[in-house]
Amino acid sequence: MFAMLRGGTARVPLLQAAAGAILILCVGACSGGGGGGGGGGTGSMGGGTSWTPGVYLPESHFAAQCAAPRSGTDPVTGQPYPDVAGSAVDENNWLRSWTNDLYLWYSEAPDLNPANYTTAAYFPLLKTSATDAQGQPKDKFHFTYPTSTWEALARAGMNVGYGAQFIALQRAPPRQILVAYTEPGSPAVMAPANLARGASVLNVDGVDAVNANDQASVDTINAGLSPATAGESHAFSILDQGAASPRMVTLQAVNVTDVPVQDVMVLPGTVMHIGYMLFNDQLATSELALIDAVNTLKANPTPITDLVIDIRYNGGGFLDIASELAYMIAGPGPTAGQTFELQQFNGKHPSTNPVTGTPIGPTPFHTTTQGFSTTAGQALPTLNLPRVFVLTTSATCSASEAVMNGLAGVGVQVIQIGSTTCGKPYGFYPQDNCGTTYFSIEVQGVNAKGFGDYPDGFTPGGASGATFPGCTVTDDFTHALGDPNESLLYVATNYAQTSNCVIPPAGIAPPAPFASIAIRSPLREMRLLRRDAGPPR
């Protein structure tokens, strides 16, 4: 089983109309406020238990007591749902006790009267309000999803959309929203849409996506970029890369099955036989895809001497898959008997994992398949490389950062090309209660050297802080991913051969004033932990 979080129920808003930073990724409710009053006083509501500040009953006392109990059988476990009739206050009391037990910064979470809030309004408040040295929220990853939505994505890599990953380079008007990549066989790439990397979104359902700054317009743009249900259609004005004038495209949302690994190849024209793969998601389906990719590279008549992993849009996923990938890159030499990542819980749980009930032990470098999308227990293929190149942006998060940190922990050289990653050394055990799966930070991961302090991300070639050797390069939307002349890949292959940072054919683009934002679900920006070897929960 796994661990994740989310707050809210339907789509996650991506844009806001406000002064300053207009385009922000929100987790759960964007407002962050409560619904139905403040946290003072005592009281109860429905079947809930009276609130006594600072006193917490075990979460098991309130678990599965639901305002709207589910009936029938859980499709994942095959067992009847555990839900019984309860109230919203029971659900809130469960959240309150669960947070106090497992939240990494539980002592910084407010203790609010569960009777004064709806459940949808209550959960977003149960987190620290502290900020980091840059003035950003200490906890940027607190959200929920309907359990059925989470299970569909985690198990099958399926989500509602068009098959186009949008990214916002400029968050405030004039905004710049582009297509970062597309999924093979999806509506985005099929006629008449024919979307490709670098296409700009100018208008959504009649609203100016570049300049609109009122909330109603922003809501319309959000609805188009992040459709809530399969079957809904939205009209876009698209300016293709290199085109002189825009065109109108109508996209209908479907259940898209992601292709997590694409463009596996040995790059042409390099003396050193450099391998490349685009790796976008660490969901269950990526296990088999990564194995196939490594076997493809191993089958090259001349063994590859270096590997470039393009994780610039990889928001993370299962930590066990990150461990499998790291082992397949490095092989048994540096990884045998070593820690890939050790999860550290809050001070209440120094030695026992409070979710599994087992002694806290490290996640090893997995040498065999874990059974996500292939039979468990099969030996993993290896490339046995002493170094790896990673292409990164601010959309590189969580479990993808764990690959970098885990390899560095055992002495494998990680060379970073691109820009600073998102900074998420944290993880969750996704927890279902009453049909909502909650994601609240529970652990911080450290590598074999005990390092895990990168809340502001890894920076290529930095002089201080969390950094790796490499080159700062701005994402290049004038070339396809995997094109040897695409800026990040071009610089990486040249660095592999000369150890120098060179100017790519597209030139040196100035860095964006703000970090770009991948317009995607928070479900795709996390480090997921499993309770056992069973199906995702």
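Which residues does Leu407 touch, not counting residues up to four places away in sequence? Leu407 touches Ala326, Ile329, Ala330, Phe365, Val388, Val412 and Val414, where a contact means heavy atoms within 4.5 Å. This is a predicted model, in which local features need pLDDT of at least 70 and side-chain atom pairs count only at pLDDT 80 or more, while totals for chains, interfaces and linings use all residues. Residues are numbered from 1 along each chain as its sequence is written, and side-chain values use heavy atoms, leaving out hydrogens and water.

Now for the chain as a whole. Its secondary structure comes to nine helices and 28 strands; these are DSSP runs numbered from the N terminus, with helices (H or I) of at least four residues and strands (E) of at least two. Of the 537 residues, 54% are buried, that is, under 20% relative accessible area with a 1.4 Å probe, protein chains only. Among the contacts with a separation of 6 or more, 71% are between residues 24 or more positions apart.

Back to Leu407, which is among the residues with the most contacts inside the largest nonpolar core, along with Leu290, Leu307, Ile309 and Ile441. That core has 56 residues; a nonpolar core is a set of buried Ala, Val, Leu, Ile, Met, Phe, Trp, Tyr and Cys residues joined through side-chain atoms within 4.5 Å. Elements giving two or more residues to this core include β13 (274-279), α5 (286-298), β14, β18 and α8. Helix α6 gives the most, with nine residues. Apart from this core lies another, of 27 residues, with Ile167, Tyr313, Ala492 and Ala496 among them.

Strand β18 (residues 387-392) is worth a look of its own. Six of its six residues are buried: Arg387, Phe389 and Leu391 on one side, Val388, Val390 and Thr392 on the other. In a regular strand the side chains alternate between the two faces of the sheet. Strand β18 pairs in the parallel sense with β14 (residues 306-310) over three bridges, pairing being at least two DSSP bridges between two strands. Here Phe389 is the bridge partner of Val308. With β19 (residues 413-418), β18 also pairs in the parallel sense, over six bridges, and Arg387 has Gln413 as its bridge partner. Between β18 and β19 the chain passes through helix α8 (residues 399-408) in a right-handed β-α-β crossover, meaning that, with the strands pointing away from the viewer, the path from the first strand over the helix to the second runs clockwise.

Note on methods
Buried < 20%, exposed > 50% of the residue type's maximum accessible area, 1.4 Å probe, protein only.
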